[in-house]
Amino acid sequence: MPASILEELDIGGLRAAFLEYTREAYLSIPSIAQPRILDVGCGTGLPTLELARLSDGEIVAIDPDQEAIDTLRLKIEEQGLSDRVRTINCSIFETGFEPASFDIVWEEGVFHLLEAERVLEESARLLKAEGFLAMFETNDWIEANRGRFIKHGFENFRRVALPSGCWWTRYYLPLEERIASLGSKYSSPDDRKILARYEREIESVRADIARSDCSFVVLRR
């Protein structure tokens, strides 16, 4: 079967370059025996599966995108992780979990898409006392919400900053090169629509590369 445009773009492969920071952030958390982790906005599960490798606990991966959840479920089965990793097609506001259900709430690039006040309040509700909230967001978003972290009872425990321009050099430039190499191969309206979406994202980042600078922030409840 011929490769699809998404397979050839291999967004997941490019994104995997940042898993070293996922590992560093997770390992900054004091050891918790068999932690229960909520992975918010898991997508197709790149960080989810890394968290499974790093911990010996239970991971609940949630995302409102059913297609992404279906893809992750296949990966979980293929890797023999069904006993420790489960998926739910929902947002963080729809989990139905009781207060203090998790040792760790984890998110990578999701909270800035949601109402900050509401999502931090829900994270605090879901975490056990002395639990940890790990967020991977732009430095601008982190600084803008410092007051809200304190308001909801979080203490700044650790920050793992990515090198400046890292997203541009390790993700967007390689993606741009792939798009250029595939442009003549994929010319259907649907394929062009996919390429155009990524091209717009690249141009948006190119206009102000510093705004894409990110950090992991690990906060203690």
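The points go from the basis of the values to the sheet, and then to the helices.

1. The model is predicted, so local features need pLDDT of at least 70 and side-chain atom pairs count only at pLDDT 80 or more, while totals for chains, interfaces and linings use all residues. Residues are numbered from 1 along each chain as its sequence is written, and side-chain values use heavy atoms, with hydrogens and water left out.

2. An open sheet of mixed pairing is built from seven strands, ordered β3-β2-β1-β4-β5-β7-β6. Its edge strands, β3 (85-88) and β6 (155-161), each pair on one side only. Strands pair here if DSSP finds at least two bridges between them. Helices (H or I, at least four residues) and strands (E, at least two) are DSSP runs, numbered from the N terminus. From one strand to the next the twist averages 15 degrees.

3. Strands β1 (residues 36-40) and β2 (residues 58-62) run parallel and are joined by five bridges. Four bridges join β2 to β3, and these also run parallel. I59 of β2 stands opposite I37, and the bridge partner of I59 in β3 is V85.

4. A right-handed β-α-β unit is made by β2, helix α5 (residues 66-78) and β3. A crossover is right-handed if, with the strands pointing away from the viewer, the path from the first strand over the helix to the second runs clockwise.

5. Which strands does helix α3 (residues 19-27) lie across? They are β1, β4 (102-108), β6 and β7 (214-220), and α3 runs at about 155 degrees to β4. Helix α6 (residues 116-126) also packs on the sheet, where it touches β1, β4 and β5 (127-138) and makes about 145 degrees with the direction of β5. Contact means heavy atoms within 4.5 Å. Axes are lines fitted to C-alpha atoms, for helices over the stretch in contact, and angles run from 0 to 180 degrees between N-to-C directions.

6. The axes of α3 and helix α4 (residues 46-54) come within 10 Å and cross at roughly 45 degrees, which makes α3 oblique to α4. Angles under 35 degrees count as roughly parallel, over 145 as roughly antiparallel, 65 to 115 as roughly perpendicular and the rest as oblique. On the α3 side the contact involves L19, T22, R23 and Y26, and on the α4 side L46, P47, E50, L51 and L54.

7. Helices α9 (residues 166-182) and α10 (residues 189-206) have axes 10 Å apart and pack at an angle of about 140 degrees; the two are therefore oblique to each other. Among the residues that meet are W168, Y172 and I179 in α9, and L195, Y198 and I202 in α10.
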